[in-house]
Amino acid sequence: MVGNDIVDLMEAKNASNWQRPRFLDKLFTELEQNYIKKAKDPFLMVWRLWSIKEASYKLYVQIYPSRFYDPRAFECSLDENSAIVKFKRFQCHVETRLTPEFVISEARLTKQELSSKILKFNTSDQKVQSEELKKRLLDDVGGVYQLEKNEINIPTLYNGKEHLSISLTHHGSYGAFAMG
């Protein structure tokens, strides 16, 4: 199983004011806010932590199907390019890659190298981006699988016999998919 998340840093810079009052308090624990305060680039740290939390949440809901919003509850302990995230009795490992254009995080139950395939879109139309991302995923698996979603909209690949865990993400000009 896998969860992933990508943040287009230019889009985040233009569309979000993470420095507004109480923004950090709503999303990040005291430990995470300390990472942000001590970071050489607090902006990058905010979006790294956010992508880690989102990737972890996507993994969690694959294991425990439900929908909820509680980003503070997913607490991140950071290492260089990896993290351990805990939520109740759930724990996962997250690998992150930072580039000047985006940050991508991938969560798994065991520590593994990042395997998300990244796309750069030529359009800002989210519906077109979503369709292109799905098409690239299906092309990648050679047309053997079809994309299905469960009752709470979690996607999987299905070939008539087995389901494969996947995670899809897109933000701004970038998208990515990973298979678990």
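Begin by selecting Lys88, which is exposed, with a relative accessible area of 72% (buried means under 20% relative accessible area, exposed over 50%, partly exposed in between, with a 1.4 Å probe and protein chains only). This is a predicted model, in which local features need pLDDT of at least 70, side-chain atom pairs count only at pLDDT 80 or more, and totals for chains, interfaces and linings use all residues. Residues are numbered from 1 along each chain as its sequence is written, and side-chain values use heavy atoms, with hydrogens and water left out.

Lys88 sits in the loop between strand 3 (82-87) and strand 4 (90-98); helices (H or I, at least four residues) and strands (E, at least two) are DSSP runs, numbered from the N terminus. The phi of Lys88 is near 55°, a positive value in a residue other than glycine.

Next, select Asn153, in the loop between strand 7 (146-149) and strand 8 (155-158). Its phi is near 75°, again positive in a residue other than glycine. Asn153 is partly exposed, with a relative accessible area of 48%.

Now move to strand 10 (residues 174-179), where five of the six residues are buried. Strand 9 (residues 163-171) runs antiparallel to strand 10, joined by six bridges; two strands pair if DSSP finds at least two bridges between them. These two strands form a hairpin with two residues between them, and Gly172 in the turn has a positive phi of about 60°.

Strand 6 (residues 117-120) is also antiparallel to strand 10, with four bridges.
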